[in-house]
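I opened the model and kept notes on what I looked up. The entries follow in the order I made them.

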Amino acid sequence: MTRPEIDRPHREGSLPKAATGIRGLDEITGGGLPRGRPTLVCGSAGCGKTLLAMEFLVRGAAELDEPGVFMAFEETAEELAQNVRSLGFDLDDLAARNRLVVDYVHVERSEIEETGEYDLEGLFIRLGHAIDSIGARRVVLDTLETLFGGLSNVGILRSELRRLFRWLKDKGVTAIITAERGDGTLTRHGLEEYVSDCVIVLDHRVTEQLSTRRLRVVKYRGTTHGTNEYPFLIDEDGISVLPVTSLGLRHQASDERISSGIPWVDAMLGGRGFYRGSTVLVSGGAGTGKTSLAAHFADAACRRQERALYFAFEESESQLIRNMRSIGLDLSTWADRALLRFYATRPSAYGLEMHLATLHKLVVDFKPRVVVVDPITTFLGAGTSMQAESMLMRLIDFLKGSQITALFTSLTHAGQFTEGSESMVSSLIDTWLLLSDIEVESRRQRGLQVLKSRGMAHSNQVRGFQLTDKGVQVRAAARKGPARRPR
Amino acid sequence: MTRKKVKPESLAEVAATGTANPDIFELRLYVAGKTARSVAAFENLRRLCEEHLAGKYSIEVVDLLVHPQLAKGDQIVAIPTLVRKLPQPIRKVIGDLSNVERTLVGLQVRAPRHGPEPGE
């Protein structure tokens, strides 16, 4: 699998690391978790701790030849298997092939009486037995702190946990210990005191009714790591962390030109269309033909046998296909041949970063050469303007880094030249096409002009056009100039 | 439509448990090697049984160092752990069993005292 750009260079020769196999997480940590050491994963209830831990084991067992032991303190093996089945993890199969052991540890305080000294040797023996039985290289303890609820002697518990972490290190297993977030502390019972090599915090925040999951590497001893909060998704493929922050301006600029799908638009852009890997903004009022232009662009890519990914935030796939058929574009053939993929959702369905994470994941999966986001405006309305700007910058940097040509459409309101979000976007855009209504002889007409196009000679005309059943056609009569005036 | 089979099964279970002698205490002591603590626990247990359960108890000692796979079945975490297998329900007492009173309460040989214990 090819990985997207890594947001920081990975230096060899530092701490040995165990790849998690979780999308994005290995990029952020520069290769994975510290090998042979415990890592603490903490967060509040429902933030995805168990899932992250489980995926770490499943990927290890299924893909990286590292069998694993899952010691569950909260859910039974059956419950766990059921919970992760929807993510495509077949725990029973892995267990049958001796790649995974799930041991459910249950301490029922009500049936236990404590008298005198004891230790947790039973836990050690169980864990050791499970590890040895399949030659495990990875261990998950989820959630160890449950023991504090089951046993009352905190002193014994603490010293035994300290011993447990040392023992895990001696065993040489790469371990994840999950813990609930405490009040003002990382974990409720101060486990961070014992696990000092790597600490990851997960967070599930809801702002203005939009939820965003985030991951942050709080500490990673002996290595560089991304310190930002990275959004992550949980979907049918498990967890994917969005590793992209800003890639900076390092991408290669291509000299290759690709068609907009409309010959006369290409003609306005120095006769050869857009640069490959550039970012195009098509803005205009309602009904000025933005989506039609975007569809032509996607269609042209498919004609070149390149894959196109179309994010639709206002129309469903079938509605788009139907509407574009009316201007002579049959997008369904491309969709059937898997050259074109639609992703239609409401922008308000998730928070900005979740959208970005979804976009990122789809781009990595589908590997398109062109991407359409139609429209980007509603999308940018979903967060604060600073969030929106940073998210757009990250998206553009990511697409540029992968040499993907992107076309965004943007809705401007009548009589308004640019919107706030647009002027902000402007500096990030390489080619900006403005669609407008022009009134000619008391008839409304669509007009297109190139506001800017970096690195190429471009037309400064406003070209009138119409949407016909043969596509977007230039209108000879719409040419601007004195000749058009009534004599 | 399938008939409910739950009832006969649970009845069978009831019958099965009913056959066991309710007076016999079937005890299992889990240890990990011959440590001072496990030896002490075993000594304490035997003394206590002779005193309070004479003639109606059995003790099985399980060394988890020899049979690690047995820890899972009775959900053993702490060592030493004394498990009362019978009469049901299962009860556990962890620790070296040095406190006779608490051990008896744990095994439900004696009901927990209501009110303050003497000397408290």
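How many bridges join strand β20 of chain A to strand β21 of chain A? I counted 10 bridges between β20 (residues 431-440) and β21 (residues 443-453) of chain A, and the two strands run antiparallel. Strands here are DSSP runs of E of at least two residues and helices are runs of H or I of at least four, numbered from the N terminus; two strands pair if DSSP finds at least two bridges between them. I picked out Leu435(A), whose bridge partner in β21(A) is Leu448(A).

Before going on, I noted that this is a predicted model, in which local features need pLDDT of at least 70, side-chain atom pairs count only at pLDDT 80 or more, and totals for chains, interfaces and linings use all residues. Residues are numbered from 1 along each chain as its sequence is written, and chains are lettered from A and ligands numbered from 1 in the order in which they are written.

Sheet. I traced nine strands of chain A in an open, mixed sheet, in the order β17-β16-β18-β19-β15-β20-β21-β22-β23. Its edge strands are β17 (340-344) and β23 (471-474) of chain A, each pairing on one side only. The twist averages 25° from one strand to the next (axes are lines fitted to C-alpha atoms, for helices over the stretch in contact; angles run from 0 to 180 degrees between N-to-C directions).

Helices on the sheet. I found α9 (residues 290-303) of chain A lying across strands that include β15, β16 and β18 of chain A, at about 165° to β18(A). Helix α12 (residues 352-366) of chain A touches β16, β17 and β18 of chain A, and its direction makes about 160° with that of β16(A). Contact means C-beta atoms, placed from the backbone, within 7 Å.

Domains. Chain A is assigned domain 1 (17-241) and domain 2 (257-484); the bounds come from an automatic or database assignment. I read 44 Å between their C-alpha centres.

Chain B. I listed 29 residues of chain B in contact with 22 residues of chain A. On chain B, the elements giving two or more residues to that side are β4 (91-94) and α3 (100-106). Which strand of chain A pairs with β4(B)? It is β6 (residues 112-114) of chain A, in the parallel sense over three bridges. Within this pairing, I noted Ile94(B) as the bridge partner of Glu114(A).

Terms used: Contact = placed C-beta atoms within 7 Å.
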